[in-house]
Amino acid sequence: MSPRGIRASLLAFLLLVMLAHVGTGSTSAVAYDDIYSSCWASGSLSEDVVAIARTAERWSCADPTVSIDAERVLLRFDIDPDETLPQYFLSRRSALEAVHLLAIDGDGTARQVSVPAAALPSSMVGGYLKAALPDVTLDTRQVVVAIDLPSHRMTLEQAYLAPIDAGGSASMRSLLILAGLAGMLVMPLIFNVAFYRILREPFVLWHSAFTLSLLVTILISSGLSVALFDPPAMTLNWMTALVFGITIGSGMMFTYTFIEPGQMHPVLRRLLPYCAAWALFLGAFHGAFPFVARPIHSSAYAAAFTPVLAIFIMAIVDALRRGSRAARFQAIAYAPMIIVGSIRLVTGVLPWLESTDAMLMFYIGCVWEVLLTTLGVADRFVTMKHERDRARTEASVLERLSETDPLTGLLNRRAIERHFKQLRADGFATLAIIDLDHFKAINDSKGHAVGDAVLTAVADALQVSSNVRAYRLGGEEFMLFLRGDNADGQAERRRQAISAIVANTVPGIERPVTASMGLTGCYGDENFSNVYKRADKLLYEAKSAGRNQTRSAVQPLAVPAAGAA
(Lines give C-alpha, C1' and ligand atoms only; values in the text may rest on other atoms or scores of the structure.)
Protein backbone atom coordinates (compact mmCIF):
# COMPACT_ATOMS: atom_id res chain seq x y z
CA MET A 1 0.00 0.00 0.00
CA SER A 2 1.26 3.49 -0.79
CA PRO A 3 2.08 5.99 2.00
CA ARG A 4 -1.04 7.89 1.05
CA GLY A 5 -3.12 4.74 1.43
CA ILE A 6 -1.55 4.00 4.81
CA ARG A 7 -2.31 7.50 6.06
CA ALA A 8 -5.88 7.26 4.81
CA SER A 9 -6.36 3.90 6.51
CA LEU A 10 -4.99 5.19 9.81
CA LEU A 11 -7.23 8.22 9.60
CA ALA A 12 -10.23 6.01 8.85
CA PHE A 13 -9.38 3.83 11.86
CA LEU A 14 -9.20 6.85 14.14
CA LEU A 15 -12.53 8.10 12.85
CA LEU A 16 -14.17 4.77 13.46
CA VAL A 17 -12.84 4.73 17.01
CA MET A 18 -14.14 8.25 17.61
CA LEU A 19 -17.52 7.41 16.16
CA ALA A 20 -17.66 4.27 18.26
CA HIS A 21 -17.46 6.62 21.25
CA VAL A 22 -20.26 8.65 19.70
CA GLY A 23 -22.34 5.50 19.54
CA THR A 24 -21.49 4.70 23.15
CA GLY A 25 -22.37 8.20 24.22
CA SER A 26 -25.68 8.02 22.41
CA THR A 27 -26.51 4.73 24.06
CA SER A 28 -25.68 6.00 27.50
CA ALA A 29 -27.78 9.07 26.84
CA VAL A 30 -30.81 6.78 26.86
CA ALA A 31 -30.78 6.15 30.62
CA TYR A 32 -32.34 3.27 32.46
CA ASP A 33 -35.11 5.66 33.63
CA ASP A 34 -36.35 6.17 30.07
CA ILE A 35 -39.78 4.69 29.45
CA TYR A 36 -41.01 3.20 26.18
CA SER A 37 -44.63 2.73 25.11
CA SER A 38 -46.38 -0.50 26.01
CA CYS A 39 -49.58 -0.11 23.97
CA TRP A 40 -50.97 1.95 21.13
CA ALA A 41 -54.38 3.00 19.87
CA SER A 42 -55.78 5.00 16.99
CA GLY A 43 -58.68 7.26 16.25
CA SER A 44 -59.90 10.22 14.26
CA LEU A 45 -59.21 13.89 14.88
CA SER A 46 -62.82 14.45 15.89
CA GLU A 47 -62.64 12.00 18.80
CA ASP A 48 -61.79 13.10 22.32
CA VAL A 49 -58.28 12.09 23.33
CA VAL A 50 -59.24 11.40 26.95
CA ALA A 51 -62.18 9.24 25.89
CA ILE A 52 -59.96 7.08 23.66
CA ALA A 53 -57.34 6.80 26.41
CA ARG A 54 -59.95 5.52 28.91
CA THR A 55 -61.45 2.94 26.55
CA ALA A 56 -59.52 -0.27 27.25
CA GLU A 57 -60.68 -2.13 24.13
CA ARG A 58 -59.15 0.56 21.89
CA TRP A 59 -55.65 -0.31 23.01
CA SER A 60 -53.42 -2.81 21.22
CA CYS A 61 -50.72 -4.20 23.49
CA ALA A 62 -50.00 -7.61 21.94
CA ASP A 63 -48.95 -6.33 18.50
CA PRO A 64 -45.99 -3.89 18.69
CA THR A 65 -46.29 -2.94 14.99
CA VAL A 66 -47.63 0.60 14.97
CA SER A 67 -49.63 1.91 12.01
CA ILE A 68 -49.97 5.53 10.87
CA ASP A 69 -53.05 4.88 8.75
CA ALA A 70 -55.36 6.61 11.27
CA GLU A 71 -55.51 10.39 11.64
CA ARG A 72 -54.51 10.18 15.29
CA VAL A 73 -52.27 7.61 16.94
CA LEU A 74 -51.99 7.27 20.73
CA LEU A 75 -49.08 5.79 22.68
CA ARG A 76 -49.45 4.66 26.31
CA PHE A 77 -46.56 4.70 28.75
CA ASP A 78 -46.86 2.96 32.13
CA ILE A 79 -45.36 4.91 35.03
CA ASP A 80 -43.66 3.21 37.97
CA PRO A 81 -43.69 5.58 41.00
CA ASP A 82 -40.55 3.86 42.33
CA GLU A 83 -38.53 5.02 39.32
CA THR A 84 -37.45 8.54 38.36
CA LEU A 85 -40.50 10.36 37.06
CA PRO A 86 -40.38 11.49 33.43
CA GLN A 87 -40.57 15.14 32.46
CA TYR A 88 -40.32 15.02 28.65
CA PHE A 89 -41.73 13.20 25.69
CA LEU A 90 -39.11 12.65 22.97
CA SER A 91 -39.41 11.08 19.56
CA ARG A 92 -37.90 11.01 16.10
CA ARG A 93 -38.54 14.22 14.25
CA SER A 94 -41.03 14.06 11.36
CA ALA A 95 -43.95 16.09 10.08
CA LEU A 96 -47.10 16.03 12.21
CA GLU A 97 -49.96 18.37 13.09
CA ALA A 98 -50.02 18.39 16.89
CA VAL A 99 -49.10 16.45 20.02
CA HIS A 100 -51.48 15.95 22.96
CA LEU A 101 -49.98 14.80 26.27
CA LEU A 102 -52.03 13.33 29.13
CA ALA A 103 -50.90 12.42 32.64
CA ILE A 104 -53.49 10.04 34.18
CA ASP A 105 -53.41 9.39 37.93
CA GLY A 106 -54.56 6.24 39.67
CA ASP A 107 -57.90 7.82 40.61
CA GLY A 108 -58.62 8.71 36.97
CA THR A 109 -57.65 12.36 37.18
CA ALA A 110 -56.17 13.47 33.83
CA ARG A 111 -54.02 16.51 33.10
CA GLN A 112 -53.68 17.43 29.42
CA VAL A 113 -51.34 19.63 27.42
CA SER A 114 -51.62 20.16 23.66
CA VAL A 115 -48.73 21.45 21.56
CA PRO A 116 -49.15 22.40 17.88
CA ALA A 117 -46.39 21.19 15.56
CA ALA A 118 -45.00 24.67 14.97
CA ALA A 119 -44.41 25.10 18.71
CA LEU A 120 -42.58 21.81 19.25
CA PRO A 121 -38.97 22.42 20.29
CA SER A 122 -36.02 20.34 19.16
CA SER A 123 -34.30 17.94 21.51
CA MET A 124 -30.59 17.86 22.27
CA VAL A 125 -30.81 14.22 21.23
CA GLY A 126 -29.97 14.49 17.54
CA GLY A 127 -32.92 14.25 15.16
CA TYR A 128 -35.52 14.22 17.95
CA LEU A 129 -38.36 16.53 18.96
CA LYS A 130 -39.48 17.02 22.53
CA ALA A 131 -42.49 18.18 24.49
CA ALA A 132 -42.77 18.90 28.20
CA LEU A 133 -45.22 16.59 29.94
CA PRO A 134 -48.03 17.85 32.18
CA ASP A 135 -47.27 17.40 35.86
CA VAL A 136 -46.27 13.79 36.53
CA THR A 137 -46.62 12.93 40.23
CA LEU A 138 -46.23 9.86 42.41
CA ASP A 139 -49.95 9.26 41.83
CA THR A 140 -49.53 9.18 38.02
CA ARG A 141 -49.92 5.71 36.59
CA GLN A 142 -50.01 6.36 32.83
CA VAL A 143 -48.88 8.96 30.34
CA VAL A 144 -50.71 8.97 27.02
CA VAL A 145 -49.35 10.83 24.01
CA ALA A 146 -51.61 11.40 21.03
CA ILE A 147 -49.97 12.40 17.74
CA ASP A 148 -52.13 14.01 15.08
CA LEU A 149 -51.38 13.17 11.44
CA PRO A 150 -48.05 11.38 11.97
CA SER A 151 -46.13 11.10 8.71
CA HIS A 152 -43.49 8.53 9.63
CA ARG A 153 -43.53 5.32 11.66
CA MET A 154 -40.24 6.24 13.36
CA THR A 155 -42.03 9.00 15.27
CA LEU A 156 -44.13 6.30 16.93
CA GLU A 157 -41.62 3.47 17.08
CA GLN A 158 -38.80 5.47 18.67
CA ALA A 159 -40.86 7.54 21.12
CA TYR A 160 -40.01 7.49 24.83
CA LEU A 161 -40.34 9.45 28.04
CA ALA A 162 -37.29 10.78 29.87
CA PRO A 163 -36.62 12.71 33.07
CA ILE A 164 -34.23 15.07 31.20
CA ASP A 165 -33.82 16.19 27.61
CA ALA A 166 -30.42 14.55 26.98
CA GLY A 167 -27.83 12.40 28.66
CA GLY A 168 -25.76 15.01 30.50
CA SER A 169 -21.99 14.68 30.17
CA ALA A 170 -22.25 11.76 27.76
CA SER A 171 -24.41 13.84 25.43
CA MET A 172 -21.98 16.76 25.67
CA ARG A 173 -19.08 14.45 24.83
CA SER A 174 -20.98 13.24 21.78
CA LEU A 175 -21.68 16.81 20.70
CA LEU A 176 -18.02 17.75 21.05
CA ILE A 177 -16.94 14.79 18.91
CA LEU A 178 -19.59 15.60 16.31
CA ALA A 179 -18.44 19.22 16.32
CA GLY A 180 -14.90 17.99 15.69
CA LEU A 181 -16.10 15.85 12.79
CA ALA A 182 -18.07 18.78 11.38
CA GLY A 183 -14.91 20.88 11.65
CA MET A 184 -13.01 18.24 9.70
CA LEU A 185 -15.47 18.71 6.84
CA VAL A 186 -14.44 22.35 6.62
CA MET A 187 -10.89 21.42 5.60
CA PRO A 188 -11.89 19.87 2.23
CA LEU A 189 -13.76 23.10 1.46
CA ILE A 190 -10.55 25.05 2.04
CA PHE A 191 -8.60 22.59 -0.14
CA ASN A 192 -11.21 22.93 -2.87
CA VAL A 193 -10.71 26.70 -2.96
CA ALA A 194 -7.03 26.11 -3.67
CA PHE A 195 -7.80 23.35 -6.20
CA TYR A 196 -10.34 25.47 -8.08
CA ARG A 197 -7.98 28.43 -8.39
CA ILE A 198 -5.66 26.13 -10.34
CA LEU A 199 -7.96 23.63 -12.07
CA ARG A 200 -11.17 25.60 -12.74
CA GLU A 201 -12.91 22.24 -13.10
CA PRO A 202 -16.66 21.95 -12.32
CA PHE A 203 -16.23 18.77 -10.26
CA VAL A 204 -14.38 20.84 -7.62
CA LEU A 205 -17.46 23.08 -7.25
CA TRP A 206 -19.81 20.10 -7.06
CA HIS A 207 -17.59 18.43 -4.48
CA SER A 208 -17.71 21.64 -2.43
CA ALA A 209 -21.51 21.71 -2.69
CA PHE A 210 -21.67 18.05 -1.66
CA THR A 211 -19.32 18.56 1.28
CA LEU A 212 -21.20 21.66 2.43
CA SER A 213 -24.54 19.84 2.26
CA LEU A 214 -23.14 16.98 4.35
CA LEU A 215 -21.80 19.48 6.86
CA VAL A 216 -25.25 21.09 7.12
CA THR A 217 -26.82 17.62 7.39
CA ILE A 218 -24.64 16.77 10.40
CA LEU A 219 -25.55 20.08 12.03
CA ILE A 220 -29.32 19.73 11.62
CA SER A 221 -29.53 15.98 12.28
CA SER A 222 -27.56 16.16 15.53
CA GLY A 223 -27.87 18.23 18.67
CA LEU A 224 -25.36 20.76 17.32
CA SER A 225 -28.06 22.88 15.69
CA VAL A 226 -30.02 22.94 18.97
CA ALA A 227 -26.93 23.93 20.95
CA LEU A 228 -26.07 26.68 18.47
CA PHE A 229 -29.41 28.01 17.20
CA ASP A 230 -32.25 26.08 18.89
CA PRO A 231 -34.57 26.09 15.84
CA PRO A 232 -38.10 24.60 16.08
CA ALA A 233 -38.38 20.89 15.38
CA MET A 234 -40.56 21.33 12.28
CA THR A 235 -38.10 23.84 10.82
CA LEU A 236 -35.32 21.29 11.13
CA ASN A 237 -37.65 18.66 9.68
CA TRP A 238 -38.24 20.41 6.35
CA MET A 239 -34.62 21.56 6.26
CA THR A 240 -33.51 17.92 6.62
CA ALA A 241 -35.64 16.87 3.66
CA LEU A 242 -34.43 19.73 1.47
CA VAL A 243 -30.75 19.34 2.38
CA PHE A 244 -30.97 15.59 1.80
CA GLY A 245 -32.19 16.25 -1.75
CA ILE A 246 -29.38 18.75 -2.28
CA THR A 247 -26.85 16.24 -0.94
CA ILE A 248 -27.97 13.50 -3.32
CA GLY A 249 -28.23 15.93 -6.23
CA SER A 250 -24.77 17.45 -5.73
CA GLY A 251 -23.35 13.94 -5.24
CA MET A 252 -24.79 12.86 -8.59
CA MET A 253 -23.38 15.95 -10.32
CA PHE A 254 -20.00 15.41 -8.69
CA THR A 255 -19.91 11.89 -10.12
CA TYR A 256 -21.11 13.20 -13.49
CA THR A 257 -18.21 15.67 -13.72
CA PHE A 258 -15.56 13.74 -11.77
CA ILE A 259 -15.41 10.45 -13.68
CA GLU A 260 -12.93 10.82 -16.52
CA PRO A 261 -14.19 11.32 -20.10
CA GLY A 262 -14.70 8.00 -21.86
CA GLN A 263 -14.66 6.07 -18.58
CA MET A 264 -18.44 5.75 -18.21
CA HIS A 265 -21.17 4.63 -20.60
CA PRO A 266 -22.65 7.76 -22.26
CA VAL A 267 -26.22 6.78 -21.36
CA LEU A 268 -25.37 6.36 -17.68
CA ARG A 269 -23.50 9.68 -17.66
CA ARG A 270 -26.48 11.45 -19.25
CA LEU A 271 -28.82 9.95 -16.64
CA LEU A 272 -26.90 11.33 -13.66
CA PRO A 273 -28.08 14.97 -14.07
CA TYR A 274 -31.67 13.70 -14.31
CA CYS A 275 -31.10 11.76 -11.09
CA ALA A 276 -29.81 14.96 -9.48
CA ALA A 277 -32.89 16.90 -10.57
CA TRP A 278 -35.18 14.09 -9.37
CA ALA A 279 -33.49 14.05 -5.94
CA LEU A 280 -33.87 17.82 -5.60
CA PHE A 281 -37.55 17.56 -6.51
CA LEU A 282 -38.14 14.73 -4.03
CA GLY A 283 -36.43 16.60 -1.21
CA ALA A 284 -38.35 19.82 -1.88
CA PHE A 285 -41.69 18.02 -2.28
CA HIS A 286 -41.21 15.91 0.83
CA GLY A 287 -40.32 18.97 2.89
CA ALA A 288 -43.13 21.17 1.54
CA PHE A 289 -45.98 18.65 1.27
CA PRO A 290 -45.44 15.96 3.92
CA PHE A 291 -49.16 15.18 4.31
CA VAL A 292 -49.87 14.32 0.66
CA ALA A 293 -50.91 10.64 0.68
CA ARG A 294 -49.78 10.72 4.32
CA PRO A 295 -50.07 7.00 5.25
CA ILE A 296 -47.78 5.99 2.40
CA HIS A 297 -45.92 9.26 1.88
CA SER A 298 -42.70 8.32 3.68
CA SER A 299 -42.58 4.85 2.12
CA ALA A 300 -43.19 6.30 -1.35
CA TYR A 301 -40.57 8.96 -0.71
CA ALA A 302 -37.98 6.32 0.24
CA ALA A 303 -38.95 4.09 -2.69
CA ALA A 304 -38.65 7.01 -5.12
CA PHE A 305 -34.90 7.06 -4.52
CA THR A 306 -34.55 3.46 -5.73
CA PRO A 307 -33.84 4.37 -9.39
CA VAL A 308 -31.34 7.04 -8.24
CA LEU A 309 -29.45 4.51 -6.13
CA ALA A 310 -29.59 1.87 -8.89
CA ILE A 311 -28.34 4.22 -11.63
CA PHE A 312 -25.55 5.50 -9.41
CA ILE A 313 -24.35 1.98 -8.57
CA MET A 314 -24.49 0.96 -12.25
CA ALA A 315 -22.54 4.09 -13.21
CA ILE A 316 -19.78 3.42 -10.67
CA VAL A 317 -19.57 -0.27 -11.58
CA ASP A 318 -19.38 0.59 -15.28
CA ALA A 319 -16.65 3.18 -14.63
CA LEU A 320 -14.69 0.65 -12.57
CA ARG A 321 -15.02 -1.90 -15.36
CA ARG A 322 -13.61 0.65 -17.81
CA GLY A 323 -10.61 1.29 -15.55
CA SER A 324 -11.60 4.68 -14.10
CA ARG A 325 -9.20 5.76 -11.38
CA ALA A 326 -11.68 8.33 -10.05
CA ALA A 327 -14.36 5.64 -9.71
CA ARG A 328 -12.12 3.66 -7.36
CA PHE A 329 -12.11 6.53 -4.88
CA GLN A 330 -15.85 7.00 -5.22
CA ALA A 331 -16.64 3.30 -4.82
CA ILE A 332 -14.77 3.18 -1.52
CA ALA A 333 -15.99 6.60 -0.39
CA TYR A 334 -19.68 5.99 -1.04
CA ALA A 335 -19.84 2.44 0.36
CA PRO A 336 -21.07 3.46 3.86
CA MET A 337 -23.56 5.94 2.38
CA ILE A 338 -24.92 3.32 -0.01
CA ILE A 339 -25.38 0.97 2.94
CA VAL A 340 -27.18 3.72 4.88
CA GLY A 341 -29.40 4.47 1.88
CA SER A 342 -30.22 0.79 1.45
CA ILE A 343 -31.09 0.43 5.16
CA ARG A 344 -33.35 3.47 5.05
CA LEU A 345 -34.96 2.29 1.84
CA VAL A 346 -35.68 -1.25 3.03
CA THR A 347 -36.88 -0.33 6.53
CA GLY A 348 -38.88 2.58 5.18
CA VAL A 349 -40.71 0.53 2.56
CA LEU A 350 -41.29 -2.80 4.33
CA PRO A 351 -43.98 -2.29 7.01
CA TRP A 352 -42.98 -5.29 9.18
CA LEU A 353 -39.50 -3.86 9.77
CA GLU A 354 -38.85 -1.11 12.31
CA SER A 355 -37.86 2.05 10.47
CA THR A 356 -34.34 3.27 11.09
CA ASP A 357 -32.19 6.02 9.64
CA ALA A 358 -28.89 4.41 10.77
CA MET A 359 -27.55 7.71 12.07
CA LEU A 360 -24.31 6.34 13.52
CA MET A 361 -23.34 4.80 10.20
CA PHE A 362 -24.55 7.97 8.49
CA TYR A 363 -22.10 10.10 10.49
CA ILE A 364 -19.33 7.63 9.67
CA GLY A 365 -20.34 7.73 6.01
CA CYS A 366 -20.38 11.54 5.89
CA VAL A 367 -16.83 11.96 7.10
CA TRP A 368 -15.53 8.87 5.29
CA GLU A 369 -17.06 9.98 1.99
CA VAL A 370 -15.77 13.53 2.18
CA LEU A 371 -12.24 12.49 3.13
CA LEU A 372 -12.02 9.79 0.46
CA THR A 373 -13.48 11.95 -2.29
CA THR A 374 -11.15 14.76 -1.24
CA LEU A 375 -8.25 12.35 -1.70
CA GLY A 376 -9.78 11.50 -5.08
CA VAL A 377 -9.97 15.19 -6.00
CA ALA A 378 -6.36 15.65 -4.93
CA ASP A 379 -5.33 12.59 -6.95
CA ARG A 380 -7.26 13.88 -9.96
CA PHE A 381 -5.62 17.27 -9.47
CA VAL A 382 -2.15 15.71 -9.55
CA THR A 383 -3.08 13.58 -12.57
CA MET A 384 -4.52 16.52 -14.50
CA LYS A 385 -1.53 18.68 -13.57
CA HIS A 386 0.82 16.02 -14.90
CA GLU A 387 -1.27 15.75 -18.07
CA ARG A 388 -1.25 19.50 -18.54
CA ASP A 389 2.47 19.76 -17.85
CA ARG A 390 3.11 16.98 -20.33
CA ALA A 391 0.88 18.66 -22.89
CA ARG A 392 2.67 21.97 -22.38
CA THR A 393 6.04 20.26 -22.71
CA GLU A 394 4.93 18.55 -25.90
CA ALA A 395 3.52 21.82 -27.22
CA SER A 396 6.79 23.54 -26.36
CA VAL A 397 8.77 20.84 -28.18
CA LEU A 398 6.47 21.06 -31.20
CA GLU A 399 6.73 24.82 -31.16
CA ARG A 400 10.49 24.56 -30.99
CA LEU A 401 10.51 22.08 -33.86
CA SER A 402 8.25 24.36 -35.90
CA GLU A 403 10.76 27.19 -35.39
CA THR A 404 13.87 25.12 -36.19
CA ASP A 405 15.42 24.35 -39.57
CA PRO A 406 15.84 20.55 -39.63
CA LEU A 407 18.97 20.57 -41.80
CA THR A 408 21.16 23.15 -40.04
CA GLY A 409 19.55 23.27 -36.60
CA LEU A 410 19.27 27.05 -36.86
CA LEU A 411 16.06 28.92 -36.11
CA ASN A 412 13.83 29.69 -39.08
CA ARG A 413 11.88 32.69 -40.33
CA ARG A 414 8.85 31.73 -38.18
CA ALA A 415 11.01 32.06 -35.08
CA ILE A 416 12.28 35.56 -35.85
CA GLU A 417 8.81 36.77 -36.79
CA ARG A 418 7.32 35.47 -33.52
CA HIS A 419 10.09 36.69 -31.22
CA PHE A 420 11.21 39.87 -33.00
CA LYS A 421 9.59 42.26 -30.48
CA GLN A 422 11.00 40.39 -27.51
CA LEU A 423 14.48 40.32 -29.05
CA ARG A 424 14.27 44.05 -29.73
CA ALA A 425 13.34 44.57 -26.08
CA ASP A 426 16.38 42.46 -25.14
CA GLY A 427 18.69 44.84 -27.01
CA PHE A 428 19.07 43.18 -30.43
CA ALA A 429 19.25 46.09 -32.89
CA THR A 430 21.30 44.98 -35.93
CA LEU A 431 19.97 42.69 -38.67
CA ALA A 432 22.02 41.10 -41.44
CA ILE A 433 20.88 38.99 -44.39
CA ILE A 434 23.52 36.67 -45.84
CA ASP A 435 23.17 34.89 -49.20
CA LEU A 436 25.69 32.37 -50.60
CA ASP A 437 27.15 33.32 -53.98
CA HIS A 438 26.55 30.92 -56.91
CA PHE A 439 25.16 28.22 -54.61
CA LYS A 440 23.00 26.78 -57.38
CA ALA A 441 26.15 25.88 -59.29
CA ILE A 442 27.33 23.77 -56.35
CA ASN A 443 24.06 21.84 -56.25
CA ASP A 444 24.11 21.35 -60.03
CA SER A 445 27.72 20.19 -60.23
CA LYS A 446 28.22 18.38 -56.91
CA GLY A 447 24.76 17.22 -56.01
CA HIS A 448 22.34 18.12 -53.25
CA ALA A 449 24.20 16.09 -50.64
CA VAL A 450 27.26 18.31 -51.03
CA GLY A 451 24.99 21.36 -51.11
CA ASP A 452 23.44 20.30 -47.81
CA ALA A 453 26.90 19.83 -46.33
CA VAL A 454 27.82 23.34 -47.43
CA LEU A 455 24.69 24.77 -45.75
CA THR A 456 25.51 22.93 -42.53
CA ALA A 457 29.06 24.29 -42.59
CA VAL A 458 27.71 27.81 -43.12
CA ALA A 459 25.52 27.38 -40.03
CA ASP A 460 28.65 26.50 -38.04
CA ALA A 461 30.40 29.57 -39.39
CA LEU A 462 27.65 31.88 -38.16
CA GLN A 463 28.61 31.04 -34.54
CA VAL A 464 25.48 31.56 -32.42
CA SER A 465 26.22 33.27 -29.06
CA SER A 466 24.48 35.29 -26.38
CA ASN A 467 24.76 38.39 -28.57
CA VAL A 468 24.18 36.74 -31.93
CA ARG A 469 21.09 34.89 -33.18
CA ALA A 470 21.38 32.98 -36.47
CA TYR A 471 18.51 31.92 -38.74
CA ARG A 472 18.11 30.08 -42.01
CA LEU A 473 15.41 31.82 -44.01
CA GLY A 474 15.30 29.23 -46.77
CA GLY A 475 17.54 27.90 -49.56
CA GLU A 476 20.96 29.52 -49.28
CA GLU A 477 19.70 32.61 -47.44
CA PHE A 478 20.63 33.15 -43.79
CA MET A 479 20.06 35.94 -41.29
CA LEU A 480 21.86 37.27 -38.23
CA PHE A 481 20.26 39.33 -35.46
CA LEU A 482 22.88 40.97 -33.23
CA ARG A 483 23.30 43.28 -30.26
CA GLY A 484 26.26 45.14 -28.79
CA ASP A 485 28.46 48.03 -29.80
CA ASN A 486 30.40 45.94 -32.35
CA ALA A 487 27.42 44.16 -33.87
CA ASP A 488 28.32 45.11 -37.45
CA GLY A 489 31.89 43.85 -36.99
CA GLN A 490 30.67 40.54 -35.54
CA ALA A 491 28.42 40.06 -38.56
CA GLU A 492 31.22 40.82 -41.02
CA ARG A 493 33.62 38.43 -39.29
CA ARG A 494 31.11 35.62 -39.61
CA ARG A 495 30.50 36.36 -43.29
CA GLN A 496 34.21 36.23 -44.01
CA ALA A 497 34.64 33.00 -42.03
CA ILE A 498 32.24 31.13 -44.31
CA SER A 499 34.82 30.45 -47.05
CA ALA A 500 37.45 28.97 -44.71
CA ILE A 501 35.03 26.82 -42.69
CA VAL A 502 33.32 25.41 -45.80
CA ALA A 503 36.71 24.65 -47.40
CA ASN A 504 37.87 22.81 -44.26
CA THR A 505 34.60 20.95 -43.75
CA VAL A 506 33.35 20.03 -47.22
CA PRO A 507 35.94 18.35 -49.49
CA GLY A 508 35.78 18.36 -53.25
CA ILE A 509 34.85 21.99 -53.87
CA GLU A 510 37.37 23.56 -56.21
CA ARG A 511 36.55 27.23 -55.70
CA PRO A 512 35.88 29.17 -52.50
CA VAL A 513 32.29 29.47 -51.31
CA THR A 514 31.64 33.16 -50.67
CA ALA A 515 28.66 35.12 -49.41
CA SER A 516 27.14 38.56 -49.82
CA MET A 517 25.48 40.45 -46.97
CA GLY A 518 23.10 43.34 -46.40
CA LEU A 519 23.38 44.92 -42.95
CA THR A 520 21.07 47.47 -41.28
CA GLY A 521 20.04 48.75 -37.90
CA CYS A 522 16.61 48.62 -36.28
CA TYR A 523 15.13 51.96 -35.30
CA GLY A 524 12.27 52.82 -32.96
CA ASP A 525 9.21 50.57 -33.14
CA GLU A 526 9.89 49.25 -36.63
CA ASN A 527 8.37 45.87 -37.35
CA PHE A 528 10.33 42.95 -38.72
CA SER A 529 8.97 43.33 -42.24
CA ASN A 530 10.32 46.87 -42.68
CA VAL A 531 13.75 46.02 -41.28
CA TYR A 532 13.94 42.89 -43.43
CA LYS A 533 13.06 44.81 -46.59
CA ARG A 534 15.81 47.35 -45.94
CA ALA A 535 18.42 44.64 -45.29
CA ASP A 536 17.26 42.69 -48.35
CA LYS A 537 17.67 45.79 -50.51
CA LEU A 538 21.23 46.22 -49.23
CA LEU A 539 21.91 42.55 -49.98
CA TYR A 540 20.71 43.07 -53.54
CA GLU A 541 23.12 46.01 -53.89
CA ALA A 542 26.00 43.81 -52.65
CA LYS A 543 25.09 41.15 -55.20
CA SER A 544 24.87 43.71 -57.99
CA ALA A 545 28.24 45.16 -57.06
CA GLY A 546 30.02 41.86 -57.72
CA ARG A 547 29.16 39.62 -54.72
CA ASN A 548 31.42 38.52 -51.84
CA GLN A 549 30.95 41.84 -50.08
CA THR A 550 28.72 43.72 -47.64
CA ARG A 551 26.47 46.71 -48.06
CA SER A 552 25.70 48.31 -44.71
CA ALA A 553 23.42 51.04 -43.39
CA VAL A 554 25.32 50.85 -40.09
CA GLN A 555 28.32 53.20 -40.03
CA PRO A 556 31.18 52.76 -39.56
CA LEU A 557 31.72 49.12 -40.52
CA ALA A 558 34.53 47.71 -38.36
CA VAL A 559 35.93 44.22 -38.69
CA PRO A 560 36.94 42.84 -35.27
CA ALA A 561 40.25 41.21 -34.61
CA ALA A 562 40.48 37.47 -35.05
CA GLY A 563 40.18 36.84 -31.31
CA ALA A 564 37.07 38.95 -30.81
CA ALA A 565 33.75 37.32 -29.88
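Biologist: What makes strand E2 (residues 39-43) largely enclosed by the rest of the structure?

Modeller: Four of its five residues are buried, so the rest of the structure largely encloses E2. Buried means under 20% relative accessible area, exposed means over 50%, and partly exposed lies in between (1.4 Å probe, protein chains only). Strands (E, at least two residues) and helices (H or I, at least four) are DSSP runs, numbered from the N terminus. A word on the model: it is predicted, so local features need pLDDT of at least 70 and side-chain atom pairs count only at pLDDT 80 or more, while totals for chains, interfaces and linings use all residues. Residues are numbered from 1 along each chain as its sequence is written, and side-chain values use heavy atoms, with hydrogens and water left out.

Biologist: How do you know that E2 pairs with strand E3 (residues 72-78)?

Modeller: Two strands pair if DSSP finds at least two bridges between them. E2 and E3 have five bridges and run antiparallel, so they meet that rule. Within the pair, Ala41 stands opposite Leu74 of E3.

Biologist: What makes E2 and strand E6 (110-116) the edges of their sheet?

Modeller: The sheet is open, with five strands in the order E2-E3-E8-E5-E6 and antiparallel pairing. E2 and E6 each have a single partner strand, so one side of each is left without a neighbour in the sheet. The twist averages 20° from one strand to the next. Further along, strand E5 (residues 98-105) and strand E8 (residues 140-148) pair over eight bridges, and Asp105 has Thr140 as its bridge partner in E8.

Biologist: How do you know that Cys39 and Cys61 form a disulfide?

Modeller: A disulfide is a pair of cysteine sulfur atoms within 2.5 Å. The sulfur atoms of Cys39 and Cys61 are 1.7 Å apart, so the pair qualifies. The structure holds one disulfide, and its angle of 110° about the S-S bond goes with a right-handed link. Cys39 is in strand E2 and Cys61 in the loop between helix H2 (49-53) and E3, 22 residues apart.

Biologist: Is Cys39 called buried or exposed, and why?

Modeller: Cys39 has 5% relative accessibility, so it counts as buried.

Biologist: What do the relative accessibility values make of Phe305?

Modeller: Phe305 counts as buried, at 12%. Phe244, at 24%, counts as partly exposed, and Tyr301 is buried at 14%.

Biologist: How do you know that Arg413 lies over the face of Tyr532?

Modeller: A charge sits over a ring if NZ of Lys or CZ of Arg is within 6 Å of the ring centre and within 35 degrees of the ring normal. Arg413 is placed at 4.5 Å from the ring centre of Tyr532. Arg76 has its charged end over the ring of Trp59, 5.1 Å from the centre. Tyr532 also belongs to one aromatic cluster with Phe420, Phe428, Phe481 and Phe528.

Biologist: What makes strand E10 (411-412) an edge strand?

Modeller: Six strands form an open sheet of mixed pairing, in the order E10-E12-E13-E11-E14-E15. E10 and strand E15 (550-552) each have a single partner strand, so one side of each is left without a neighbour in the sheet. E10 runs parallel to strand E12 (residues 468-474), joined by two bridges, and Asn412 stands opposite Arg472 in E12.

Conventions. Phe/Tyr/Trp six-rings, centres within 6.5 Å; stacked < 30°, edge-to-face > 60°. Axes fitted to C-alpha atoms, helices over the stretch in contact; angles between N-to-C directions.
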